[in-house]
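These are my notes from a first pass through the structure. I went from the whole chain to single residues and wrote down what I looked up.

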Amino acid sequence: MSKIKTLIIDDESLARDLLRVYLRKDDRIEIMGECANGFEGVLAIQELKPDLVFLDIQMPKITGFEMLELIEDPPAIIFSTAYDQYAIRAFETNAIDYLLKPYSFERLAGALDKVVEKLKIKTIQPEISQLIETHDKESGLLNRVVVRMGRKIQVIPVESIYYIESQDDFVMIYCKEGHFMKQKTMKYFEQHLDENHFVRIHRSYLLNLEFLAEIQQYEKDSWIIMTRQGVKLKVSKTGYANLKEKLNI
Amino acid sequence: MEHPVTTNRISGLLYWLFSVTIGIIQAVFNIYYQILPVSFALTDGLTFALVLGIFGVAIWYVVRYNDPEKSTAVQIFGSHIAAAIVFTSLWILASGIIAKTLINSSSYDHYLNGLIAERVIGGLIFYALLVFVYYIYVYSQHNLEKQLKEAEWQDQVRKAQLSALKFQINPHFLFNSLNSVASLTLSNPEKAHEMVIALSEFMRYSLRNPKDDMVTLEVELRNIELYLQIEKIRFGNNLQYRFDVDKACYHRLIPNLILQPIFENAIKYGVYESSVPSAIILEVKKLPKSMEIRVINDFDVESIPAKGEGIGLVNINNRLRLLYGSSRLLTTERKQNRFSVVIDIPDVMGNIY
């Protein structure tokens, strides 16, 4: 059997050192590289195509969870974290394994055995998506959205989002920084953005009220709004009712 | 403070009962010795008593505007003498005019004029008595307020200690530090040794149950330095720090653990959330009437701080307000990628040597 190609992503060098020392003792493992943050992590996963990633959760710029959102076809993941209540709950059912720092070599070896099993039957991917979903449910309102365009990773504060447009099975986020595609549903954003600021004005649009400039009626049961940036968006009958409610008109 | 007569039912009732009783006693006296006919005696007694009561309500304000803590004894005495004279003359004048009009008899007028001297004395005695009672009331209310303030203060200290305790056993900090020790025992045992000792000392300072709420700046800074040493071992060159302290300030007292949350924030936003080296600078300066403590840290403008920042700062501000009686001792400043927190510790609590 070929070796398991492994990547370490952790912002603390001492934590990486320890993991590296442990992993070198196990000859099923081949270490491909190390990253100190999620940005580097996304690129390294894309380029190195590892089988297994050790991932810390609390890291600068983007968390381990946000990093996973940016990866299509994610590899097997073992989280290694100091303490994270939410993570513990989420992982208990879905992660290949989670390691609580500091952990022993024996504990790590046990996790690696699980990885070998899983890699044999190739059932990793659905579990990871399920893991992200579980995390989505656990976490409350978003205060930022992380997107990726090729090699560039963009962190968008929710305050700077103008509106979100739904496309087939993804959404387009229009914001100060430009417009970005994200593999999430409109429903997800409706649930995870503050409903006092973001209003569903149409099947296809979720609007940030901060950027609403005017509302015009152009037919019976049909309206359009103009954003502060001068973009015109259709408003449905239900959407107009939602708007009226939020704006108290 | 609220007026004891107009806003409190029980003391109000007692007050009016007392005033009316004085009037009735006088009327009964006049009737018993047949000085005045019954209707004249009752009208006279009640008129003087009611006007006395009404004017007496106003004396409260003389008491309120003569706070013994703010004015001198001469000032207070002077204003009460003046007020007593005005009070007594107005009372006799107003009651006299009303009673005269109501009774309208020359024999009553004669009685009225013959009694002015006695009434002046009675009015002054009533004034003095009332002022005495009002001051007792004010004093007891002050005590009550003081007790409430004290209780609130105790509560705040307890909360601060609790949240400080929470910080010190902050699981992220503790377990990540222990993981660093685990790593160092394999790669650099001497450094591991150093870190275990720093961690132990830091935990000991934080977990002890401090009897004094005030410590010297020196003691507090020693603990902060332990904390920074530990974080420095974890984050290496990503964390830089510098202390720039006026020597004269080391022995000054500050509320214990008041700087801890500020450094915790500085590390959180400056180091945890940043992938480039970040500096924390502490400056302590002696100002004419206070000591200025300034903590400056770099932060990554691009990373968006998690919500809930500032709660630690609000707690610090509350504690300072309760200790020093001012809510303007803590200020923050955000300039480009630099965040500063400034605490002004007034000199009033003194030094220990």
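**Hairpin.** I began with a turn. In this predicted model, strands 14 and 15 of chain A form a hairpin with four residues between them. Gly230(A) sits in the turn and has a positive phi of about 85°. I then looked up the pairing: strand 14 (residues 222–227) and strand 15 of chain A run antiparallel and are joined by four bridges. Opposite Met226(A) I found Lys232(A) of strand 15 of chain A.

**Faces of strand 15.** Side chains in a regular strand alternate between the two faces of the sheet. Which residues of strand 15 (residues 232–235) of chain A are on the covered face, and which on the uncovered one? Leu233(A) and Val235(A) make up the covered face, while Lys232(A) and Lys234(A) make up the uncovered one.

**Five-strand sheet.** I looked up another open sheet in chain A, with five strands in the order 2-1-3-4-5 and parallel pairing. Its edge strands are strand 2 (29–35) and strand 5 (97–100) of chain A, and each pairs on one side only. Strand 1 (residues 4–9) of chain A pairs with strand 2 of chain A over six bridges, in the parallel sense. Within that pair, Thr6(A) has Ile31(A) of strand 2 of chain A as its bridge partner.

**Whole chain.** I counted eight helices and 15 strands in chain A. Of its 249 residues, 40% are buried. Among contacts in chain A with a separation of 6 or more, 53% are between residues 24 or more positions apart.

**Confidence.** Chain A has an average pLDDT of 86, and 88% of the residues score at least 70. Where is confidence in chain A lowest, and where highest? The lowest mean, 54, belongs to helix 4 (residues 85–94) of chain A, and the highest, 96, to strand 1 of chain A.

**Contact with chain B.** The contact takes 20 residues from chain A and 22 residues from chain B. On the chain A side, helix 1 (13–24) and strand 7 (152–157) each supply at least two residues. Helix 1 of chain A gives the largest share of that side, six residues. The residues of the chain A side divide into eleven nonpolar, four polar and five charged.

**Backbone exceptions.** Most residues other than glycine have a negative phi, and most peptide bonds are trans. I looked up where chain A departs from this. Lys101(A) and Pro102(A) are joined by a cis peptide bond, with omega about -10°. Pro102(A) is in the loop between strand 5 and helix 5 (105–121) of chain A.

Lys61(A) has a positive phi, near 70°, and lies in the loop between strand 3 (52–55) and helix 3 (64–69) of chain A. Asp221(A) also has a positive phi, of about 60°, and is in the loop between strand 13 and strand 14 of chain A.

Buried or exposed: which is Lys61(A), and which is Asp221(A)? Lys61(A) is buried because 21 other C-beta atoms lie within 10 Å, and 20 or more are needed for that. Asp221(A) has 9 such atoms within 10 Å and is therefore exposed.

Definitions and conventions: Residues are numbered from 1 along each chain as its sequence is written. Chains are lettered from A and ligands numbered from 1 in the order in which they are written. This is a predicted model: local features need pLDDT of at least 70, side-chain atom pairs count only at pLDDT 80 or more; totals for chains, interfaces and linings use all residues. A residue is buried if 20 or more other C-beta atoms lie within 10 Å of its own, exposed if 12 or fewer, and partly exposed in between; C-beta atoms are placed from the backbone. Two strands pair if DSSP finds at least two bridges between them. Two residues are in contact if their C-beta atoms, placed from the backbone, lie within 7 Å. Ala, Val, Leu, Ile, Met, Phe, Trp, Tyr, Cys and Pro count as nonpolar, Asp, Glu, Lys and Arg as charged, and the others, Gly among them, as polar. pLDDT is the predictor's confidence in each residue, from 0 to 100.
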